[in-house]
Amino acid sequence: MTGSPTSIVEAAFQYYRAQDRDAAVALYADDFSFTSPQDDHIGKADFFEQCFPTANRFKEQRLLHVTPVDQELVFVCYEYELLAGERHRNVEMITVRDGLIREVQVFFGGKV
């Protein structure tokens, strides 16, 4: 995909919420790595099998801040509400290089 790292990250969140896997897969590098408190450097295939299908848990997800740090790194702070009613905030550090998402590191926040 062409565009700024910020626009690529915003598109990835949009495709996640819409569960548009075909569009999303094209945004991620083959050597993509995903890390969260529940996942330790899993690859692209595992990410799309385990993490991508989870959008159905959310009633709502809002991007609060999408902030470029440099030419490759974007910080994202978002808030979401689970179907059960709990609200949380997370932060992600996302590396975009050559138009593809290379790495995502997720930091879980607490309840809002």
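Q: Helices (H or I, at least four residues) and strands (E, at least two) are DSSP runs, numbered from the N terminus. In those terms, which strand is Glu-79 found in?
A: Glu-79 is found in strand β4, which covers residues 73-82. Before going on, keep in mind that this is a predicted model: local features need pLDDT of at least 70, side-chain atom pairs count only at pLDDT 80 or more, and totals for chains, interfaces and linings use all residues. Residues are numbered from 1 along each chain as its sequence is written, and side-chain values use heavy atoms, with hydrogens and water left out.

Q: Is Glu-79 buried or exposed?
A: Buried means under 20% relative accessible area, exposed over 50%, and partly exposed in between (1.4 Å probe, protein chains only). Glu-79 has 5% relative accessibility, so it counts as buried.

Q: Which side chains make a polar contact with Glu-79?
A: A polar contact is a pair of N or O atoms within 3.5 Å; within protein, one must be able to donate a hydrogen and the other to accept it, and residues adjacent in sequence count only if both atoms are side-chain atoms. Here the side chain of Glu-79 is joined to that of Arg-87 at 2.8 Å, and to the side chain of Arg-89 at 2.7 Å.

Q: Which residues does Glu-79 touch?
A: Contact means heavy atoms within 4.5 Å. Leaving out residues up to four places away in sequence, Glu-79 touches Glu-60, Gln-61, Arg-62, Leu-64, Arg-87, His-88, Arg-89 and Val-112.

Q: Where is Arg-89 found?
A: Look in strand β5, residues 87-97. Arg-89 is partly exposed, with a relative accessible area of 39%. Setting aside neighbours within four places in sequence, the contacts of Arg-89 include Tyr-78, Phe-108 and Val-112. For a sense of scale, the C-alpha atoms of Arg-89 and Thr-67 are separated by 16 Å, and those two residues are 22 apart along the chain.

Q: In what order do the six strands form the sheet?
A: Two strands pair if DSSP finds at least two bridges between them. This sheet is open, with its six strands in the order β2-β1-β6-β5-β4-β3 and mixed pairing. At the edges sit β2 (39-42) and β3, each pairing on one side only. Between β3 and β4 the pairing is antiparallel, over nine bridges, and Pro-68 stands opposite Val-74 in β4.

Q: How many aromatic pairs does the structure hold?
A: Rings of Phe, Tyr and Trp (its six-membered ring) pair if their centres lie within 6.5 Å; planes under 30 degrees apart count as stacked, over 60 as edge-to-face and the rest as tilted. There are 12 aromatic pairs in this structure. Take Tyr-16 and Phe-52: the ring centres are 5.8 Å apart and the planes are at 75 degrees, so this pair is edge-to-face. Since Tyr-16 lies in helix α1 (5-18) and Phe-52 in the loop between α3 (44-51) and β3 (58-68), the pair ties together parts 36 residues apart in sequence. Both Tyr-16 and Phe-52 are buried.

Q: Why is the pair of Phe-58 and Tyr-80 edge-to-face?
A: Because the planes of Phe-58 and Tyr-80 are at 65 degrees, with the ring centres 4.7 Å apart. Phe-58 lies in β3 and Tyr-80 in β4, so the pair ties together parts that are 22 residues apart in sequence. Phe-58 and Tyr-80 are both buried.

Q: Which residues form the aromatic cluster?
A: Phe-13, Tyr-16, Tyr-28, Phe-32, Phe-34, Phe-47, Phe-48, Phe-52, Phe-58, Tyr-78 and Tyr-80 form one cluster.
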